[in-house]
Amino acid sequence: MKCVEVKISGTVQGVGFRPFIYRTAKKFSLYGFIANISFGVLVEFEGMEQNIVDALEYIQNHMPRGASIDSIQVSEKDFSNYKEFKIVNSQANSNNKISVSPDLGICKGCLEEMDDPKSRFYKYPFISCASCGPRLTILEDIPYDRPYTSMIDFEMCEECKKDYSNPEDRRYHAQTISCNKCGPKLWMDESDNAIDTAIKMLQQGKIVGIKGVGGYHIACNAQDDNVVDLLRQRKKRLHKPFAVMMSFEKILEHCYVSKFEKELLMNTANPIVLLRQKEGSTISKHVNSNVNTLGVMLPYTGIHKLLTGQIDALVMTSGNISGEPIITSEQDAKTKLSNVADSFISHNRRITIGCDDSVIKCINNATIIIRRSRGFVPLGISLGKNVPDLLACGGDLKNTFCIFTSNNAYLSQHIGDLINKCTFDWYIKNINDFRRLLKANFKYVACDYHPEYQSTKYAYTLDLPIIKVQHHHAHIASVIGEHNIEGEVIGVAFDGTGYGDDNSIWGGEFFSATRGEYTREYHLDYVKMPGGEAAVKEPWRMAISYLYNTYGQLPDIEFVNTKEEYNIILSLIQNSYNSPQTSSMGRFFDAVSSLIGIRDTITYEGQAAVELEAIADKYTKEVYSFEIEDRIIYTKSIVGEVVNDIKKGITKQIISGKFHNTLSDIVLEACKRIYKKKGLRKVVLAGGVFQNTTLLERCINQLTKHGFTVYFNSIVPLNDAGLSFGQTVVASDYICTL
Ligand code: ZN
Ligand code: ZN
Ligand code: FE
């Protein structure tokens with residue numbers, strides 16, 4: 001006989017961990033107790049030595065979905081002669097900083113009960129248990145207990161009470177427990193049979209707003225061209241792809257799904273996964289025109305399950321006005337979205353923290369997170385060091401903020417573009433909510449160099465020591481921090497716009513860098529951005545700029561012969577009027593996309609590059625030539641040869657393929673030179689341009705073949721949504737040196 005004390009840290013709250021340990025103790029005939037402590041749980045096991053060993057192994061291999069263990073510490077204890085195994089209830093302790101679970105998609109057990117006419121949860125839209133259901137989005141305070149969630153509005157019926165207090169039941173201590181009798185109610189217009197009414201409307205080609213877990217969705221039949229087109233007009237969202245919700249069987253009909261992608265879809269977060277669409281898929285072309293991926297997700301609540309049981313494929317796009325945060329209340333939905341949706345399904349469970357769906361894609365059996373929101377927030381990310389509490393404000397586009405406290409970096413949900421007043425207000429609200437929930441007490445604030453960023457201006461209002469972080473250093477540091485890389489790395493940061501040390505707009509950068517420092521080794525040749533921000537929305541302006549940079553005039557090709565306004569842009573460039581310099585890789589993509597006739601103006605960020613990638617011929621081995629001299633990567637010969645190819649009538653597909661090949665050759669060549677100079681073998685690929693699978697895969701393959709080790713973001717977004725985490729990495733390193 002033996003007695004051990006086991007301390008387990010990680011996400012072990014709100015995921016049914018204590019009843020799991022209780023059942024494990026019974027299974028292995030162990031006595032003792034389990035209790036919540038700061039950062040996790042404390043267990044004592046008393047019993048046969050081998051049983052204890054087996055139980056510990058069992059815990060690691062069978063823990064509930066949604067739970068994750070950071071560490072298990074086991075130490076021997078004096079024998080206490082326990083007579084049973086007990087769950088000791090935790091007292092609300094203001095010093096307890098326990099990591100709250102993110103929202104968990106509906107589990108298998110609940111799906112089965114929904115289908116069982118004998119169950120009191122039959123067809124119950126809000127079904128949940130200890131290992132599934134909303135968590136963060138109903139949270140008002142910590143610890144995560146029913147009175148501190150919006151479930152406080154619903155009193156448990158006798159049966160629910162019984163299950164809640166029975167350690168053998170899978171809803172033991174499930175804070176969201178409720179049933180058809182006692183739980184939240186769903187409605188639509190005057191009808192109390194909301195689901196059937198909604199299904200009828202959707203089948204008739206109507207657009208329906210649906211209140212879900214983190215906010216409203218706007219839904220319509222994804223296989224009906226007319227209604228998808230109508231939704232685009234009403235939402236004023238002309239091209240940006242919509243996500244589609246389908247059962248797994250339906251996803252298989254429309255998309256190619258690898259084993260790894262299947263796991264991503266079924267992850268407790270149930271994110272939107274970008275998959276390759278099958279030829280002959282009957283999803284409306286208006287859902288994802290001009291791109292070669294389809295964003296799909298599984299039904300992740302009872303409501304979704306009931307709807308997708310009747311309609312094969314539903315467009316499910318965030319319920320918001322373009323540029324504004326996701327809508328969470330019925331009142332806002334009715335005032336702001338009445339022009340978009342014909343009707344709304346609402347319910348009376350309050351959403352306390354709005355959260356969009358997360359977006360993920362898979363590359364070489366690794367993930368790339370494009371949007372890290374519902375299902376991932378507020379999981380902490382360890383930095384391997386401890387510093388005083390700090391707030392990193394992030395960037396202005398695709399903003400997230402990041403709070404460092406109690407050994408972990410907590411990245412916020414997707415906030416959006418701060419230039420919008422509504423979104424900025426929501427940013428402040430969320431910073432305050434997270435500070436309260438995490439009990440953080442900021443001692444420092446980190447932000448971008450850009451003096452005009454709203455996030456930077458906000459940092460200055462806080463009256464705290466400010467640590468400013470260069471944009472691309474933050475991108476690179478986010479990878480260094482995520483992978484805990486020691487020492488110096490080669491950092492490749494390719495993105496759209498970031499404020500540089502010389503007040504230019506950077507974005508095609510090669511650094512040698514550590515967490516604390518960076519040297520700009522190489523960068524893309526500067527060109528002008530005629531009209532500044534206007535050049536981002538109108539890639540044809542960048543095409544003019546690149547042509548001028550190459551030829552000193554506009555060459556005789558069809559592209560420039562057709563439009564008169566090109567001379568106006570040319571004069572902006574020649575007179576350096578409102579035309580900042582940029583080394584942005586994103587703008588280079590825009591220029592080529594426009595030059596070959598893919599896209600001249602965009603309606604969503606990155607569109608020209610996304611559509612250029614979508615057509616790239618994967619089989620062409622050819623490349624364009626480039627020169628590197630004095631830290632500058634010259635693009636003139638690339639543009640010159642693209643123009644020659646256009647004149648020769650080479651297809652867009654081949655030109656795009658050659659362009660992609662050229663960029664990965666540039667990456668390899670620059671890395672080789674930095675290796676020669678500094679002996680560095682670790683390469684970090686960072687920034688939004690690397691969402692381009694074709695480019696990222698090719699860079700990884702080539703660099704690896706030449707002896708480099710390649711790192712990129714997998715749990716932090718690699719676009720500007722990851723900046724706040726990168727700022728946290730740089731700032732925490734700086735604070736350590738003080
Ligand atoms: Zn469940
Ligand atoms: Zn009940
Ligand atoms: Fe960036």
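Helices and strands here are DSSP runs, helices of at least four residues and strands of at least two, numbered from the N terminus. I am working on a predicted model.

**Entry: Thr-268**

I looked up where Thr-268 sits. It lies in the loop that joins helix H8 (259-266) to strand S11 (272-277). Buried or exposed? I find a relative accessible area of 16% for Thr-268. The cut-off for buried is under 20%, so Thr-268 counts as buried. Next I asked which residues Thr-268 touches. Leaving aside residues up to four places away in sequence, I list Arg-65, Gly-66, Asp-103, Leu-104 and Gly-105.

**Entry: the zinc ion**

I went to the zinc ion (ligand 2) and read off its protein donors. They are the SG atoms of Cys-157, Cys-160, Cys-179 and Cys-182, at 2.2 to 2.3 Å. Along the chain, the spacing of these donors reads C-x2-C-x18-C-x2-C. I then checked the angles among the four donor atoms of the zinc ion (ligand 2), which run from 104 to 116°. The site is tetrahedral. For reference, the ideal angle for four tetrahedral donors is 109.5 degrees. I also looked at accessibility. Cys-157 is buried at 10%. Cys-160 is buried too, at 0%.

**Entry: the iron ion**

What coordinates the iron ion (ligand 3)? I find NE2 of His-471, NE2 of His-475, and OD atoms of Asp-495 and Asp-720, at 2.0 to 2.2 Å. The donor spacing is H-x3-H-x19-D-x224-D. I noted that His-471 and His-475 both belong to helix H13 (residues 471-483). They are four residues apart, about one turn of the helix. Both histidines are buried: His-471 has a relative accessible area of 0%, and His-475 has 2%.

A tetrahedral site needs all angles between 85 and 135 degrees.

**Entry: H21 against H22**

I turned to helix H21 (residues 652-678) and helix H22 (residues 693-705). Their axes come within 9 Å and cross at roughly 40°. That angle makes H21 oblique to H22. The crossing of H21 past H22 is right-handed. Which residues make the contact? On H21 I list His-660, Asn-661, Leu-663, Ser-664, Asp-665, Val-667, Leu-668 and Cys-671. On H22 I list Thr-694, Leu-695, Arg-698, Cys-699, Gln-702 and Leu-703.

How values were computed. Residues are numbered from 1 along each chain as its sequence is written. Chains are lettered from A and ligands numbered from 1 in the order in which they are written. This is a predicted model: local features need pLDDT of at least 70, side-chain atom pairs count only at pLDDT 80 or more; totals for chains, interfaces and linings use all residues. Side-chain values use heavy atoms; hydrogens and water are left out. Donors are N, O and S atoms within 2.8 Å of the metal (3.2 Å for Na, K and Ca); water is not among the atoms, so sites may look incomplete. Buried means under 20% relative accessible area, exposed over 50%, partly exposed in between (1.4 Å probe, protein chains only). Axes are lines fitted to C-alpha atoms, for helices over the stretch in contact, and angles run from 0 to 180 degrees between N-to-C directions. Angles under 35 degrees count as roughly parallel, over 145 as roughly antiparallel, 65 to 115 as roughly perpendicular and the rest as oblique. A crossing is left-handed if the near helix is turned anticlockwise from the far one by less than a right angle, and right-handed if clockwise. Contact means heavy atoms within 4.5 Å. Four donors count as tetrahedral if all angles lie between 85 and 135 degrees; four count as square planar and six as octahedral if opposite donors are over 155 degrees apart and all others between 65 and 115; anything else is irregular.
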